[in-house]
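Good morning. Please look at the screen first.

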Amino acid sequence: MAGVTAPSGLGDFDLGHLNFWARPESEREAAFAQLRQLDKPRFMPFVNNMPLAKKNDGVYALVRHTDVIEASRNPKLFSSEPTANAVFDMPPWLAPFFDSMINMDDPRHSRIRKVVARAFTPRLLAKLEVDLQRRASRIVDDVVTVGRGDLVTQVAQRLPIQVICDMMGILEHQYDYVLERTNTIIGFSDPEYTGISRDYLIRHGAPGRRHIIPVSARLLKAGLDLIRLVRRLGEERTRDPQDDLISALVNTNGDGDRLDPRDVGTFFILLVVAGNETTRNVITHTVKLFTEHPDQRALLLEDYGGRIGPAIEEIVRYVTPVIQFRRTVTQDCELGGREFHRGDKLLLFYNSANRDETVFDDPDRFDITRSPNQHVGFGGPGPHFCLGANLARREITVMLRELYTRLPEIRTVGEPERLLSFFINGIKRMPFDTTG
């Protein structure tokens with residue numbers, strides 16, 4: 001809407017401040033709805049407390065579907081380097097542990113993506129399908145036995161972390177080790193994982209300068225532990241290849257390509273963080289949504305095979321497990337009615353794009369039959385569209401089928417304990433009951 005300025009009260013919503021993300025979902029969605037009505041992307045100032053960094057910094061918020069799509073399709077103008085998964089540039093001593101292909105442009109990005117894609121051989125995928133069903137059945141066996149508990153720890157987080165570790169060749173006794181470090185990395189802004197009080201984080205909007213070194217040290221240790229684990233495993237598989245993903249990654253394929261130890265380590269961090277976090281949160285949110293919308297649950301169960309595909313797309317749209325990614329402008333250009341300059345930082349808010357009124361009819365309605373559904377819950381079109389989207393869809397399909405076939409009345413009870421994050425729409429704990 002041309003000429004619109006910041007609506008009354010919008011200044012109370014600072015997207016770069018944790019206080020905003022601690023607010024009820026309805027308030028956050030109302031703020032994004034107002035932002036989508038502005039004539040151009042809004043600038044979000046924030047204070048960068050990283051040592052040696054420029055103190056006053058900021059990013060532009062891309063909140064409309066068309067702008068997110070355009071920025072995603074044009075990596076030459078809107079780069080994933082130096083980072084796509086951090087608002088601020090990571091310091092040199094931390095970046096090597098999290099500099100995965102998600103933070104790369106071509107040709108580095110395409111080379112690694114190609115090696116990873118080819119490592120998912122038909123044989124590996126066939127084994128994966130069997131493992132998915134077996135593990136989902138075992139998880140629901142346990143749920144049937146206990147009847148109630150925490151949906152996240154007893155159901156949602158178990159399947160993806162087990163599948164990923166098994167796929168990589170990581171042994172069962174190491175699953176918890178991997179999960180703990182994954183939670184530390186993804187929870188870098190949550191009091192449970194930072195050791196900083198919730199009141200402080202909400203009041204100040206981010207860890208203070210005195211907290212940055214301890215928080216960064218936790219991140220560094222978690223990343224280093226995972227890299228060391230997979231590097232040792234990679235060295236073993238170089239000498240003695242097995243029928244697993246890491247063997248395919250570290251040994252030369254038909255094109256003579258393979259990943260070096262550093263790339264394997266950062267890819268594994270990306271895999272366990274993105275692969276685990278996205279799937280477990282979608283599963284958790286799904287049970288909560290079907291508890292709140294029993295008509296949609298009944299609709300799905302009437303024809304599970306025919307409706308689960310569009311249902312997953314609607315769940316991912318509605319939930320948007322990954323809230324945003326960053327891009328950096330490489331040269332002066334225009335997007336969404338605003339002139340950008342080289343070095344400007346943009347945040348692509350997928351959650352807002354997925355509620356854009358100009359694209360989705362009645363976007364706040366949860367409708368598993370929605371069609372078309374051009375959501376960006378797995379990222380926008382372009383080279384960085386989620387490589388694991390099909391794996392996530394398959395995991396969710398198998399897990400929900402097992403749950404709702406054997407426990408059709410499973411429901412959440414009470415309120416979720418949410419992750420305090422401006423990056424992940426996460427639920428840490430969610431009570432459930434199957435006992436009626």
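Predicted model: local features only at pLDDT ≥ 70, side-chain atom pairs only at ≥ 80, totals over all residues.

Helix pairs first. Two packed helices are described by the angle between their axes and the distance between the axes.

Take helix H11, residues 209-239, and helix H13, residues 261-292. Their axes are 9 Å apart, and the packing angle is about 120°. Angles of 65 to 115 degrees count as roughly perpendicular and those over 145 as roughly antiparallel, so H11 and H13 are oblique to each other. The crossing of H11 past H13 is right-handed. Which residues of H11 make the contact? They are Gly223, Leu226, Ile227, Val230 and Arg231. From H13 come Pro261, Arg262, Val264, Gly265, Thr266, Phe268, Ile269 and Val272. Sorted by class, the contact of H11 with H13 has eight nonpolar residues, three polar and two charged.

The second pair is helix H14, residues 294-302, and helix H15, residues 304-319. Here the angle is about 130° and the axes are 6 Å apart. H14 and H15 are therefore oblique to each other as well. On the H14 side the contact involves Leu299, Leu300, Leu301 and Glu302. On the H15 side it involves Tyr304, Arg307, Ile308 and Ala311. Six of the residues in the contact of H14 with H15 are nonpolar, two are charged and none is polar.

Now the backbone. Most residues other than glycine have a negative phi, and most peptide bonds are trans.

Where are the cis bonds I want to show? One runs from aspartate 106 to proline 107, with omega near 10°. Proline 107 sits in the loop between strand S3, 78-79, and helix H4, 108-119. Another cis bond joins serine 371 and proline 372, where omega is about 0°. Proline 372 belongs to the loop between helix H16, 350-353, and helix H17, 389-406.

The loop between H16 and H17 also holds aspartate 362. Aspartate 362 is not a glycine, yet its phi is positive, about 50°. Threonine 320 is not a glycine either, and it has a positive phi of about 45°. Its place is the loop between H15 and strand S5, 324-329.

Is threonine 320 buried or exposed? Threonine 320 has a relative accessible area of 1%, so it is buried. Aspartate 362, with 40%, is partly exposed.

That is my item.

Key:
Residues numbered from 1 in each chain as written. Heavy atoms only, no water. Axes fitted to C-alpha atoms, helices over the stretch in contact; angles between N-to-C directions. Helix = DSSP H or I, 4+ residues; strand = E, 2+ residues; numbered from the N terminus. Parallel < 35°, antiparallel > 145°, perpendicular 65-115°, else oblique. Contact = heavy atoms within 4.5 Å. Nonpolar A, V, L, I, M, F, W, Y, C, P; charged D, E, K, R; others polar. Left-handed = near helix turned anticlockwise from the far one by under 90°. Buried < 20%, exposed > 50% of the residue type's maximum accessible area, 1.4 Å probe, protein only.
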